[in-house]
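User: Hi! I'm new to this structure and would like a close look at one part of it: how its charged side chains pair up. Could you take me through that slowly and show me what surrounds those pairs?

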Amino acid sequence: MTDSTTTTAGLPVSFDDAVARYEPVIGLETHVELGTASKMFCGCPTVFGAEPNSGVCPVCLGLPGSLPVINRAAIEYAIRIGLALNCSIASWCRFARKNYFYPDMPKNFQISQYDEPLCSDGYLDVEVEGQQVRIGIERVHLEEDTGKSLHIGGTAGRIHGADYSLVDYNRAGIPLVEVVTKPIAGTGALAPAVARAYVTELRDLMRALDVSDVRMEQGSLRCDVNTSIAPAGSDRWGTRTETKNVNSLRSVERAVRSEIERQAAVLDAGGRVIQETRHFHEDTGSTTSGRSKEEAQDYRYFPEPDLVPLAPAPQWVEEIRAGLPELPAARRARLQADWDFTDQDMSALRNAGALDLVEETVAAGASPDQARNWWLTELSRRANESGVELSALPVTPGQVARICALVAAGELNNKLARQVLDGVLAGEGSPDEVVAARGLSVVTDSGVLAAAVDEAIAANPEIADKIRGGKAAAAGALVGAVMKATRGQADAASVRDLILQRLGQA
Amino acid sequence: MSITRDEVAHLARLARLALADDELDRFAAQLDVIITAVARVQEVAAAGIPPTSHAADLRNVFRDDVITPSLGAEAALAQAPAAEQDRFRVPRIGVED
């Protein structure tokens, strides 16, 4: 398929060089599996990871004589999404048959929407490096998901060279919403970050709307990225490619970046970019050529004769609008004001996926600063070490809040608090249970402390003299000795006060 | 001629059908007869008659989001020409190289 005269890779071009000379235009098509209980057109379940072909029926298998019926909840979810994306909701629209020859749909076509999408012409604002970028939304339409194929023989898992394929239709017919952006131009070197910020915002939006579990790793949110570049200052856009298989937020950013670099190299070498589907490879961060893209007319769309038109009543749409929850951008603004956090604090929390966790920790009684510090430092470090998401750590926001409270009350110092966290993460129980079991409370017995302080002073007469002479800063060494003697279980500030007091400096 | 031989060749390619030259000639002629026959409907389509995609003048036919029993893999696969690992086994999928 590759035509060497037109797609010569050329010499590698760095990203900075590419965006200095070429202007990228990107577009994103995002598929979101809706979290309805049953499928789009039949009553089969939508469970992820069920036994192959356990959730199929005559309708989603396309058996003769079966007829699809629209799931009302799927329409409601799609309208909810459209409204949250500031779209117009069609007063009348139809489903269409998208015909193609591929066994992932047993009917030989997919029920989708073509020239009459349910929602159109909206926008979503995203923030990239302190700048607000408005992403135009072309359309939001409904369709049914396809089955999953397993390719047997040949190179492991690849369709090329496979001997045959095995198809599981559990996923076929799950309601799928496709959100298509308008072309996003003028973002220059920020294009990859804009793409990522958009998908992140869309994911958060879907979660807030409670219409999908949006798990990219399970495929309930999938992203195709269109990229083209044109010489800077040109009034025409270049030929775009569509990169598929972009299955994480990080990959969205990398895919745009690598496609800009690749296309710049092709154009520099005097070649031309061909319109095609490309596949993103997680391991190399680059794309390779896939099939050449079918033209829309090749799908021979026509109105779906098995379904009657959809005409959402304005009153229904307004009811759905009235029921929209607080959207992520508004929620972040509210929390930022409540917590008195900087923009940097907020983006750090978002990037770490810690916003909900901090909110819950604060709700459980911790101060916003304490909550942020625990989740972004100590807990982030441990999540990284175990290679899991923050939310997957075996500690609850309530437990973190309890540790914060014990520190605030002077019953734990920071070192002990970390040990308590160790215990909780190791499954030893609640913070209070770990404190009791490991004997971790701060030494508050004044007799024990006083004895340790006197011992430290006696053992370090020169330092003690300096302190007596007014050099309070020298107390640090004695504090260290006392902490050592109490195996870290004293409160450093109290120890310091006690030392200064004993040496007549307080 | 309302469908050209090239259009038939294009459709054959989309359908992953390897048609010989004489088959293209034969099918193009046959399809042309069919299309010409169906196209007669256009003769009666006049201004003022909206295009229609459905015989019944209905809209908003919905079902509630309720799970109903599925067939189960055994019944679903019972009539499949070939099955393996509880999945439908299909011949090698044609991919253009």
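**Charged pairs, one by one**

Let's begin with Arg334(A), which is partly exposed at a relative accessible area of 34%. Keep in mind as we go that this is a predicted model.

The partner of Arg334(A) is Glu359(A): their side chains meet in a salt bridge, with N to O at 4.0 Å. Arg334(A) belongs to helix α7 (residues 328–339) of chain A and Glu359(A) to helix α9 (residues 355–363) of chain A, so this pair ties together parts that are 25 residues apart in sequence. Glu359(A) is partly exposed too, with a relative accessible area of 25%.

Now for a pair inside a single helix. Arg21(A) and Asp17(A) form a salt bridge at 3.0 Å, N to O. Both sit in helix α2 (residues 15–21) of chain A, 4 residues apart, which is about one turn of the helix.

The next pair joins two loops. Arg94(A) and Glu116(A) make a salt bridge whose closest N and O atoms are 2.9 Å apart. This links distant parts of the chain, 22 residues apart: Arg94(A) is in the loop between β3 (88–89) and β4 (96–99) of chain A, and Glu116(A) is in the loop between β5 (109–112) and β6 (119–128) of chain A. Is Arg94(A) buried or exposed? Its relative accessibility is 19%, so Arg94(A) counts as buried, being under the 20% limit. Glu116(A), at 18%, counts as buried as well.

Some charges gather in a group. Glu201(A), Arg203(A), Asp204(A), Arg332(A) and Arg350(A) are linked in a network of salt bridges. To see part of the setting, look at helix α4 of chain A, which covers residues 191–209. Of its 19 residues, 16 are buried, so α4(A) is largely enclosed by the rest of the structure. Just after α4(A), Asp210(A) takes a positive phi of about 60°.

Finally, let's cross from one chain to the other. Over all chains the structure holds 43 salt bridges, and the count between chain A and chain B is 1. There, Arg72(A) meets Asp64(B), with N to O at 2.4 Å. On the side of chain A that touches chain B, the elements giving two or more residues are β2 (70–71), α3 (72–84), β8 (148–152) and β9 (164–168). β9(A) supplies the largest share, 5 residues. That side divides into 36 nonpolar, 10 polar and 8 charged residues.

In all, 54 residues of chain A are in contact with 37 of chain B. The two chains bury about 4,000 Å² between them, 59% of it on carbon and sulfur atoms. Within chain A, Phe101(A), Tyr164(A) and Val308(A) lose the most area to chain B, together 14% of what that side buries.

Definitions and conventions
Residues numbered from 1 in each chain as written. Chains lettered and ligands numbered in written order. Predicted model: local features only at pLDDT ≥ 70, side-chain atom pairs only at ≥ 80, totals over all residues. Heavy atoms only, no water. Expected span 1.5 Å × (residues − 1). Buried < 20%, exposed > 50% of the residue type's maximum accessible area, 1.4 Å probe, protein only. Contact = heavy atoms within 4.5 Å. Buried area = accessible area lost by both parts, 1.4 Å probe. Nonpolar A, V, L, I, M, F, W, Y, C, P; charged D, E, K, R; others polar.
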